[in-house]
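Student: I would like a close look at one helix and its surroundings. Please take me through what packs around it and what lies further out.

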Amino acid sequence: MKQRQKRWVPITGIGALSCLGLDFGSTYAALFKERQLPTLPRRFKLGHKISYPVFELPPSKLDLSDPREPWLRTSRMAIAAATEALTDAGWNDLSELKHLKVGVCIGTTVGGSMNDEKFYRDFRDQKTPDMQPINRYLNSNPAEVLARVFSLCGPRLTVVNACSSGTDAISIGAEWIKSGLCDLVLAGGSDELCRVTCNGFISLMISDPQPCRPFDQSRNGLNLGEGAAMLVLESEKLLQQRQVSGTNPRSAPPRAFIAGSGSSCDAWHLTAPHPEGRGLRRALELALDDAKIEPEKITFINAHGTATNNNDLTEGKVLKELFPKTPFFSTKGHTGHTLGAAGALEAAFTIAMLQEQKIPQSSGFAQIDPQIDHAPTKSPQTINGTFALSQSLAFGGNNSALLISLGED
Amino acid sequence: MIPLAINGIGPVGAFGAGMEKWHSALNGNIDVTPETTIIKTRDGVYNLPIFRASSKSLANFVKSRKLRRLDNFSRLALLGAALAAEDAEPTIMGPRTGLIVASAHGATATTFAFLDSVINDGDALASPTLFSNSVHNAAASHIAEHFQITGPNLSLTQGADSLAMALLTAAQWLESNRIDTILCGIVDCYCDVLGYCWQSYQQQCNPENPPRTYGPGEGSLFFQLSRAEANAAKPKYGYLNKIALNIAAPPTTESLIYSRTGSDTKPRSTDSKSVPEAYKNRLQIETTTICGDLPIPASFDLAAAAIILYDRGTYNQKKTLTTPPFTGSTICCWQPQNHRKPLTGNCYWITNQYD
């Protein structure tokens, strides 16, 4: 039986969807298979001379764009991931949640933005557009939607910290459990592909027209993706109650634990990371300190690895210095950069990798960058350890890290 | 949550910037004249009064060269944060200071300006500067960079709940000893799309469309907070003791500021008939006449409560506060959430006594 420290927060369920699959199982399994390459966006067109491929969800009922649909795609993806996560955690009778303090903490970027292009074009043209797109935006706050759909009465919070939103949402959700504010928290991230964001990243000249190559010498930018991932976090007290009352059908212990987290801002530049990774370094140190773990105990690091020149250079340098012998990789070669969902998706992957004691190749990587001088994994590996880090860097200089543990022997 | 010491407040709105202006505005000593904008909706053409906030005094804190990069959203946020830090005197920045910026809608004017660049010039010529400033956490980034706040940094959006979630998160970070102080606030900006939405929703809720003296507002309000400590000197504006989320009714024992707010999806009503009978003898605040209709008005209610506790003034001005005058030591600010069924609300307790 694995042991854990009292302040570690049990993770009892995972749900996710991405370009790799519409559930967590298929999404995770694809990380260890041949890489699926990004394709041109299916749901919208971009007007650039060069084509920029994306990692889009497979066709599904989520594609339906009924104008009466009350929620944005981002929220609908969040609902799908949350439903799977609650089922995975053994909450088959969701009415039981009504009696608990259940919080929702979700990271997003697109899901919190009023940017309906058609509405705005009509507004500009004095066409007095119908309010339906605005109603949908106002009704689609992801945390509020999940609380409503699952009839939850606890705190709800939508984090809009750009690309670290998912990681930050999980960190905040874990705090809610530790402080006793909640018995259970749905924490994660969700983001859809949209024209506005694609044009924005292309305008910044950090989108690659080729499949992205994180940490590779020839890297030339990111490919955007879409997806959602949710974790179910529960208090130890609730877990014990469920085991006594027999409402938890899971015979195994929790999947893993949030053992620590750290967050720090570069306070340096709106779009570029601090060249020496000041904020990332501190976020990692805080996460280790929070978990009371030495760096040597970290088995692997699921890096942010967007494949932009600046991000990978900063991140690679910091990892080389703080964790010179620890294997690291980026999964964005498989999923693309899913923005507000990325940190949550990668945390979910990290949990499953710890459970299965294996890590994937860092897809897209072939040639070491001499400026980084630190290479990610080139092929899948088996591992032997119980601690791992999942980290995110973001616009605005945000850096966040989650330290995940299986529990100690 | 642990009690929080309120050490400084930085309000920015149509009434001006800073606590002195806010104090004067509450006393009815500032005449706010809104701008008028013509908004055409499906139901007609309207002269909409807009309660604009000026960020001119930001020049007292930031070099003008640096301000060129900032949009109005970030400027208002930075000004609110700077005023709160100045009011707290001194605010120590660095890794033990956190930052939380909450907004109902984010930098919408910049988002639509980015869309203008796409629509006018084509996808290939979209503006990178506008895009990066339209990202929700751009304001937080600018504040952190200006003050060198390297502690945890959070931007959030949760409709009318945004303030409650920002303050609860601040309390959690302080309680878990991640930080020692925090700048925590809200910001929202006007743009004509929001004016169109505001007028359209007003029309939906009240098709008779009675003449109004108020319209959409913009502004920011930041608090400088730290852990409340029994043996420390009393903080300038007392303590934020407790926040209750989604409760059915406010307490009946303490003084209560009842803010006549609506919800994040429907307009608020300033019609006196809309005040529930049970609250008519409680403190009522009417800030739409001095700040316009803000998406997160509760922050200004808290700032009003803090000022009332600060000097126990007799705020009995018809324009902003109604009877009875405050006499106790604790004020609850009650923010109903009309869009929730059954109706619930958030309640904030501010007191001048350490509990």
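**A helix and its cover**

Tutor: The buried residues of α3(A) are covered by elements of both chains, including α4 (132–139) and α7 (195–203) of chain A and α4 (108–121) and α8 (192–205) of chain B. The model is a predicted one. Helix α3 of chain A spans residues 117–124, and its buried residues are A:Glu117, A:Phe119, A:Tyr120, A:Asp122 and A:Phe123. An α-helix has 3.6 residues a turn, so residues three or four places apart point the same way.

The two ends of the helix can be described briefly. At the start of α3(A), the backbone nitrogen of A:Lys118 has a side-chain oxygen of A:Asp116 within 3.3 Å. After α3(A) comes A:Gln126, with a positive phi near 60°.

Aromatic residues come next. A:Phe119, A:Tyr120 and A:Phe123 belong to one aromatic cluster with B:Phe112 and B:Tyr196. Over all chains the count of aromatic pairs is 20. One of them joins A:Phe201 and B:Phe131 edge-to-face, 5.6 Å centre to centre and with 65° between the planes. This pair crosses between chains, from helix α7 of chain A, which holds A:Phe201, to helix α5 (residues 128–134) of chain B, which holds B:Phe131. A:Phe201 counts as buried because its relative accessibility is 5%, and B:Phe131 is buried too, at a relative accessible area of 6%.

Another edge-to-face pair is formed by B:Tyr239 and B:Tyr354, at 5.7 Å centre to centre and 70° between the planes. B:Tyr239 is in strand β9 (residues 239–247) of chain B and B:Tyr354 is in the segment after β14 (344–351), so the pair ties together parts 115 residues apart in sequence. B:Tyr239 is buried, with a relative accessible area of 3%, whereas B:Tyr354 is partly exposed at 38% relative accessibility.

Further out is the nonpolar core. The largest one has 150 residues, and A:Leu233, B:Trp22, B:Leu167 and B:Tyr348 have the most contacts inside it. At least three of its residues come from each of domain 1 (10–245) and domain 2 (256–405) of chain A. Another core, of 31 residues, lies apart from it and includes A:Cys265, B:Ala84, B:Ala107 and B:Ile143.

Beyond its neighbours within four places in sequence, B:Tyr348 is in contact with residues including B:Leu163, B:Leu167, B:Lys242, B:Ile243 and B:Leu302. B:Lys242 also lies over the face of B:Trp349, at 4.4 Å from the ring centre. In chain A, the charged end of A:Lys358 sits over the ring of A:Phe32, 4.4 Å from its centre.

Note on methods
Residues numbered from 1 in each chain as written. Chains lettered and ligands numbered in written order. Predicted model: local features only at pLDDT ≥ 70, side-chain atom pairs only at ≥ 80, totals over all residues. Heavy atoms only, no water. Buried < 20%, exposed > 50% of the residue type's maximum accessible area, 1.4 Å probe, protein only. Helix = DSSP H or I, 4+ residues; strand = E, 2+ residues; numbered from the N terminus. Contact = heavy atoms within 4.5 Å. Polar contact = N/O pair within 3.5 Å; in protein donor to acceptor, adjacent residues only side chain to side chain. Core = buried A, V, L, I, M, F, W, Y, C linked by side-chain atoms within 4.5 Å. Domains from an automatic or database assignment. Phe/Tyr/Trp six-rings, centres within 6.5 Å; stacked < 30°, edge-to-face > 60°. Lys NZ or Arg CZ within 6 Å of the ring centre and 35° of its normal.
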